[in-house]
Amino acid sequence: MDICIHPRRLFGAVSPPASKSLAHRLIIAATLAAGTSKIRNVSLSQDIEATLRCMDNFRCKWKWTGENALEITGCINQECDRTGLPQFDCGESGSTLRFLIPLALALGGGGEFRGHGRLMERPQEPYFQIFDKQGIFHEQKDGILTVQGDLRPGEYRLPGNVSSQFFTGLLMALPLLDGPSMITSTTELESAAYITMTMGVLERAGVPVRYAKEINSFGVAPSVYQPFEAAVEADWSQAAFWYSALTLGNSVQIRGLDIRSYQGDKIIADHARTLSVPGDVTIDLSNCPDLLPPLAVMAAVRRGDTYFTNAARLRLKESDRLTTVHAMLTALGGLAEEGPDRLTVHGVSALTGGTVDGANDHRIVMAAAIAATRCVNPVTILGAEAVKKSYPDFWRDYEKLGGEVLVV
């Protein structure tokens with residue numbers, strides 16, 4: 001779906017969708033519990049659909065019990081009667097894939113993983129290095145990743161500067177084993193707030209994790225997941241686009257956010273304040289890489305240069321986001337320079353408008369829509385349906401705030 005936006009300012013209140021990051025973790029913890037859990041305020045994005053679809057392979061039972069409410073009866077102690085390895089269709093969800101790889105080994109001896117878009121191109125090397133040491137078979141062929149073997153308790157060492165998702169996958173799987181384990185980061189942890197979120201979910205499910213900061217290690221003992229009740233808080237990652245709109249001069253009120261959240265992307269509030277003031281600014285993206293698209297839009301129409309650094313991981317997202325953010329800004333009349341692990345944005349007084357290739361990337365599409373509010377001419381966005389991956393109601397909310405969106 002291609003759309004055309006006629007520039008106008010946005011006005012009104014908006015509530016971001018429920019946190020996709022938290023919902024993934026709660027759904028998986030409920031699946032592993034010995035009983036029935038209830039999770040409220042679940043936004044059914046394509047990524048969450050992928051996780052629910054994959055949970056069926058673990059023989060859990062789930063159903064919608066009301067508007068945005070899930071009831072999940074866990075799979076623990078249920079015997080699998082299938083032959084062969086279970087098959088997991090992870091869609092385009094990196095969280096689903098990385099969280100479930102060690103779980104599939106712990107529960108079913110492995111699995112075959114498929115994905116769409118660029119998902120299967122994203123690196124899994126930290127897992128592969130562990131599997132090689134443990135004698136676990138892994139092969140990626142024709143877009144299918146096959147893993148097979150027994151995940152064993154013990155010491156796990158992996159880099160913390162690739163993705164926190166590897167730590168979350170292991171933290172959720174290792175309690176299912178019959179002995180204690182330790183996970184040690186061999187580098188400084190990036191996106192550590194999302195590991196803290198994982199630990200919070202595990203604690204809610206009765207699974208203790210000990211973190212030793214001095215050695216950057218997590219201690220995990222054998223545990224039984226307990227059923228629980230929880231509500232998914234609003235998503236700071238999606239709220240970031242409305243913060244971008246606010247910084248660009250739109251009269252938007254953002255409702256429903258929890259300032260005590262473990263979500264690392266709540267740093268958007270601080271960055272938005274910084275970018276509201278003229279002058280040169282450097283923003284380190286190592287702990288908040290997903291914020292580049294909305295932050296780059298803020299930087300595009302301010303007085304001063306903005307230097308986004310430590311951004312190499314963005315090349316491995318749904319698109320190569322250093323390249324696609326640069327292309328988006330350039331297409332709309334902005335000024336930016338792309339480096340191997342950085343993006344420099346030179347502020348201009350206004351954007352001209354134009355045509356943006358959404359690159360099948362939900363965050364590029366949403367960023368371009370917000371940028372349109374400061375464009376002189378209309379903005380055409382190709383592949384605008386990509387928002388369904390994380391924020392299915394984005395266009396509805398955009399129009400409720402007064403945006404004019406036409407399908408072309």
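Lys141 stands opposite Ile144 in β9; strands here are DSSP runs of E with at least two residues, and helices are runs of H or I with at least four, each numbered from the N terminus. Glu139 likewise stands opposite Thr146 in β9. Strand β8 (residues 137-141) and strand β9 (residues 144-148) run antiparallel and are joined by five bridges; two strands pair if DSSP finds at least two bridges between them. Two residues lie between the strands of this hairpin, where Asp142 takes a positive phi near 55 degrees.

The model is predicted: local features need pLDDT of at least 70, side-chain atom pairs count only at pLDDT 80 or more, and totals for chains, interfaces and linings use all residues. Residues are numbered from 1 along each chain as its sequence is written, and side-chain values use heavy atoms, with hydrogens and water left out.

Four bridges join β10 to strand β11 (residues 181-185), and the two run parallel. Tyr156 stands opposite Ile183 in β11.

## A helix pair

How do the axes of helices α5 and α6 cross? The axes of α5 (residues 165-173) and α6 (residues 192-204) come within 9 Å and cross at roughly 15 degrees; axes are lines fitted to C-alpha atoms, for helices over the stretch in contact, and angles run from 0 to 180 degrees between N-to-C directions. The helix α5 is therefore roughly parallel to α6 (angles under 35 degrees count as roughly parallel).

## The largest pocket

The largest pocket holds about 520 Å³ of space. A pocket is an open set of points on a 1 Å grid over the protein atoms alone, with protein on both sides within 12 Å along at least five of seven lines; lining residues have an atom within 4 Å of a point. The volume is the space filled by probe spheres set on the points. Of the 34 lining residues, Ser95, Arg122, Gln165, Asp290 and Lys317 are the closest to the centre.

Methods: 1 Å grid on protein atoms, 1.4 Å probe; cavity = no way out; pocket = protein on both sides within 12 Å on 5 of 7 lines; lining within 4 Å. Parallel < 35°, antiparallel > 145°, perpendicular 65-115°, else oblique.
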